Each structure stands twice: as structure tokens, then as C-alpha cells.
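Me: Hi! I'm new to this one and would like a friendly walk through it. Could you show it to me, then start with the charged side chains?

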Amino acid sequence: MKQFGKVAVMMGGSSAEREVSLMSGNGVLAALRSKGVDAHPFDPAEKPLGALKDEGFARVFNILHGPFGEDGTLQGALEALGMPYTGCGVMASAICMDKWRTKLLWKGAGLPIPAFALLSDDSDFDAIEQELGLPIFVKPSTEGSSIGVTKVKTHGGLKAAYEEARQYDSIVIAEQFIGGGEYTCAVIDGQAYPTIKIEPATEYYDYQAKYFRDDTVYRCPSGLSDALEARARSLALQAFKVLGCQGWARIDFLMDEQGGIYLLEANTNPGMTSHSLVPMAARAEGLSYEDLCVKVLAAAHVG
């Protein structure tokens, strides 16, 4: 493991997902150390990025979540430093952090997505409710971990949901509900891993269900037929490539009752907590959490 040199596990930060990032980062840190990697925590909320060079780091395992760490900002700074880092590059990180622009790219490439509408103060909320039907999911375009998300179930509720999401982002999306199940597919080093079906005990897969509740059910294998599993993995790979992703990412998708697949979003710094999905998919392929961390680290790049 000495070929990796001194590794900074970039975690924490100052986004709304700081707590999750610290949980992910501590898991990655322990895993890398257990494999003999000279890994150390690095929180950019506590020290400047220039300290990476000053302290002799050779590469970065980026496990920041949310703005700054996952939106191309950190990636650009590391490129300027000539510091190899894990995950997607500047362009893909910036695009994938923005759910609206991700949808536009996928739609332009002919990939299936749920119907959606952009919301603003001037939107005709009643007309959008009629167009998309109820329920509707409302979400900020550039937040993760379901922060600011509302499920609108009654007529007249869209505007209040918009105002809630607007606290987190200037771009807010209203999205058609697809009711056949929520799934995810990890793509690591060019390979699509087994899909996972997510069955939350809550109204939907919210922040608590993702990170803290123990009653969320994850099915891996997901229970899809061989044909649907193959199609889902193929779509995940296509979605990954269209966005220009590198290294690893997690592609979330929905399924309708007829077996139609609809791409939802891409996560370029997937969670690595005890409840996270990429380690679960890796285990299904015989890859331990520790080996997964080493595999992601080995793909660190500049440019």
C-alpha cells in the first residue's frame, strides 16, 4: 500500500451534509488504515487546502458530501494543486450536483426520466399539480441526502413545498411520482454492480431513513428479473458515461408498475456509512468494505 503515499481522507466540510460526511469519512479512514494505507483525516472546514502540500499528502480520498466537496469546486482546487483525488472530475461533479441539469443531459441523450417542472415564485402551482398528478416530489436541485424534499399528497400543497425547498436552493424541481419502487446501482471502475431495492418504513426515503433508522429494508439482490436487472445495469452505465463520470458513482432510479425504469439522479461521492448502499452492492460481488475503499483510492486521478 506504500505506492499510495500519504493519503488525506477529505471529510466533514461545511455543507448541510457535514454529519453524514464525517460518518462516511471515519469509516473510510479506518478501512484504509486496516489495509496498511498511511491515511489521515482532513477537514477543509478546519484547515486550508494548501496544507495538503505543506503536510506532504500524495493523494486525496474525497468523501465530502454536498456543495464544495461534490460540486466541482474542490475538484478544481485539487486539479490546480496537481493533487490526485478520487471520484468524478470537475465537469461531471458540477453537473451531477445539479439535479435539473443532470435531467437535461439524460433527456437529451434519450435516457428515461420522470416528468418534471421547474418551480419559481411565478409558477402556476395549480396547473403543475394537474400536469404532474399527485403525489409530487419537490426538491432543491443541488442538495443531497433528501434535504429539503417534500412529498406533496394533497391539492394546494405544492406552493408550500416549493417555499420549503427554496430555502436550500434557487432552483427547485417538482417531479412526477413513480410508484413501482426505488432502486440504486453502483458503478465502480467501469462496472455496474448489483442493483439494490430500497423499502423505507417512512413515507419516503428521507434523511432519517437513509442514515439513522434501522427499519429501512434493502434488498440485494433486488428481486428484479434477469432481464430487468440487465437493463437497469445497462442504463446505469449509460447514465454514468453521458455525465462524464470517473472512478465511481451511484445511479438512483425508479420503476413503475409495468417495469419501466426512470433515472432519478447521480451521486458522485456516494455515502460510505454503515447504512450506505455502495458497500452493500460491493459485498454482493464479494468485495469487502476495506477492499472497496482501496479500489476507489487506486483510481485517484488528476484531469
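Reply: Happy to! One term to begin with: a salt bridge is a side-chain nitrogen of Lys or Arg within 4 Å of a carboxyl oxygen of Asp or Glu. Keep in mind that this is a predicted model, where local features need pLDDT of at least 70, side-chain atom pairs count only at pLDDT 80 or more, and totals for chains, interfaces and linings use all residues. Residues are numbered from 1 along each chain as its sequence is written, and side-chain values use heavy atoms, with hydrogens and water left out.

Me: Got it. How many salt bridges does the structure hold?

Reply: There are 11 salt bridges. One of them joins Arg250 and Asp252, with 3.0 Å from N to O.

Me: Are Arg250 and Asp252 buried or exposed?

Reply: Both fall on the buried side: Arg250 has 11% relative accessibility, and Asp252 has 7%. Here buried means under 20% relative accessible area, exposed means over 50%, and partly exposed is in between, using a 1.4 Å probe and protein chains only.

Me: Where is Asp252 found, and what does its side chain make a polar contact with?

Reply: Asp252 is in strand β12. Helices (H or I, at least four residues) and strands (E, at least two) are DSSP runs, numbered from the N terminus. Its side chain makes a polar contact with the side chain of Asn267, at 3.0 Å. A polar contact is a pair of N or O atoms within 3.5 Å; within protein, one must be able to donate a hydrogen and the other to accept it, and residues adjacent in sequence count only if both atoms are side-chain atoms. Leaving out neighbours within four places in sequence, Asp252 is in contact with Tyr183, Thr184, Leu263, Leu264, Glu265 and Asn267, where contact means heavy atoms within 4.5 Å.

Me: What about Glu46, which residue does it form a salt bridge with?

Reply: Glu46 pairs with Arg18, and their closest N and O atoms are 3.9 Å apart. Glu46 is exposed, at 63% relative accessible area, and Arg18 is partly exposed, at 27%.

Me: And Glu175?

Reply: Glu175 forms a salt bridge with Lys103, the closest N and O atoms being 2.3 Å apart. This pair ties together parts 72 residues apart in sequence, because Glu175 lies in strand β7 (residues 172–176) and Lys103 in helix α5 (residues 99–108). Glu175 is buried at 2% relative accessibility, and Lys103 is buried at 1%.

Me: Switching to helices, at what angle do α4 and α5 pack?

Reply: Helix α4 (residues 90–97) and α5 pack at about 105°, with their axes 5 Å apart. Axes are lines fitted to C-alpha atoms, for helices over the stretch in contact, and angles run from 0 to 180 degrees between N-to-C directions. The two helices are therefore roughly perpendicular to each other. Angles under 35 degrees count as roughly parallel, over 145 as roughly antiparallel, 65 to 115 as roughly perpendicular and the rest as oblique. Ile95, Cys96 and Met97 in α4 meet Lys99, Arg101, Thr102 and Leu105 in α5.

Me: Last one: how many residues of α10 are buried?

Reply: Six of the eight residues of helix α10 (residues 277–284) are buried, and the helix is mostly covered. Among the buried ones are Leu277, Pro279 and Met280. The elements they pack against include β8 (182–188), β12 (248–255) and α11 (289–298). Just after α10, Gly286 takes a positive phi of about 85°.
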